[in-house]
Amino acid sequence: MAEKIRYYLEQSVPELEDLKIKGLFDKNEITMVMRRRTDFEHRITGRGCKPKDFLRYTEFETNLEKLRKKRYNRLSKVGMIETKPSISDWAGTRRIMFIFDRATRRYPGETELWSQYLKFAKSNGAIKVIYKVYSRLLQLQPRNINAWLSAAKYEFETNGNAKGARVLFQRGLRLNSESLELWLNYAQFELTYISKLLARRKVLGLITEKQQREAMETEEAKLEQEIKKSDDNGDELAGDKIELPSTEEIKDQLNSLPEADMNMLGNPETNPA
């Protein structure tokens, strides 16, 4: 146990040295931080450990990180600190997540630990960590309705992934088919999704499938009416056909013509053509 505690404490040495180099904490403050961390490590690794010990540990680290950011912002404005990113910029957040991870592994049934873990990860925008935590939580607590609702809500409202949220709802209902709350939230999700689709169509000026089908039916009806009207007009004009004379009539008309005067054509001398 002592070796394990010492190992975890040694991991924070580079971070503390960087804080001292930047001038964010002095030697006495760093010594106090190491003393408090040692005390917390002994508490959470002992037999009498409780979930609240992990929460107190994370609270201390969170306050320490807030103090670091406050001092960093104040000194960076006057140019009294090196602004180049270093290990102390992300080590605090990573340490807090590591403490939460250890807490949820030791007490997987404590919903408060999971809730605080997710809250901290969301506040820091750690998307990969959030997915990892939700995956572990749903595997360890498949009967936890609030966990399914929280995961689906995050997927739909934060990430805008309706397909992923629907999958989570359906998996939750497969394991908790008797949960009325889960069914109601699933129905509400589908209605909300449909309303968003309709609102988006309205904004983009698109018509719905029903409106498109009605428009096509109207156009087809108009086309049929025009075809029918053209057929009716064709029947009315059928009596106005131009009739050509028959062959006998043409012959009679040709015979009634006077004979041609051949002398009008002239002779080869007068008409050489």
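1. With a relative accessibility of 41%, Trp183 counts as partly exposed (buried is under 20% relative accessible area, exposed over 50%, partly exposed in between, using a 1.4 Å probe and protein chains only). Together with Leu180 and Leu184, Trp183 makes a nonpolar surface patch of about 340 Å² accessible area. Patches take residues with over 30% relative accessible area and no salt bridge, joining like charges within 9 Å and nonpolar side chains (Val, Leu, Ile, Met, Phe, Trp, Tyr) within 5 Å.

2. Before going on, please keep in mind that this is a predicted model: local features need pLDDT of at least 70, side-chain atom pairs count only at pLDDT 80 or more, and totals for chains, interfaces and linings use all residues. Residues are numbered from 1 along each chain as its sequence is written, and side-chain values use heavy atoms, leaving out hydrogens and water.

3. Now the overall picture. The protein chain has twelve helices and zero strands. Of its 273 residues, 32% count as buried. The protein chain exposes about 19800 Å², with carbon and sulfur atoms supplying 54% of that area (areas come from the Shrake-Rupley method with a 1.4 Å probe; for residues, only the protein chains shown count as cover). Taking contacts between residues at least 6 apart in sequence, 59% join residues at least 24 apart (contact means heavy atoms within 4.5 Å).

4. Which residues have the most contacts inside the largest nonpolar core? They are Phe169, Leu182 and Phe189, in a core of 30 residues. At least two core residues each come from helix H5 (88-106), helix H6 (111-123), helix H7 (127-140), H8, helix H9 (162-175) and H10. H8 gives the most, with eight residues. Such a core is a set of buried Ala, Val, Leu, Ile, Met, Phe, Trp, Tyr and Cys residues joined through side-chain atoms within 4.5 Å.

5. Glu155 deserves a look. This residue lies in helix H8, residues 145-158. Glu155 is buried yet has no salt bridge, and the nearest side chain of opposite charge, Lys122, is 9.8 Å away (Lys and Arg count as positive, Asp and Glu as negative; His and the chain ends are not counted). Beyond neighbours within four places in sequence, Glu155 contacts Tyr131, Gly160, Asn161, Gly164, Ala165 and Leu168.

6. On salt bridges, the count comes to 13 (a side-chain nitrogen of Lys or Arg within 4 Å of a carboxyl oxygen of Asp or Glu). One of them pairs Asp101 with Arg105 at 3.0 Å, N to O. These two are four residues apart in helix H5, so about one helical turn separates them. Asp101 is buried at 13% relative accessible area, whereas Arg105 is exposed at 52%.

7. Other pairs reach further along the chain. Arg143 and Glu178 meet at 3.6 Å, N to O. Arg143 is in the loop between H7 and H8 and Glu178 in the loop between H9 and H10, so this pair ties together parts 35 residues apart in sequence. Arg166 and Glu190 also form a salt bridge, their closest N and O atoms being 2.8 Å apart. Because Arg166 lies in helix H9 and Glu190 in helix H10, that pair ties together parts 24 residues apart in sequence. Finally, shared partners join Lys22, Glu65, Arg68 and Asp89 into one salt-bridge network.
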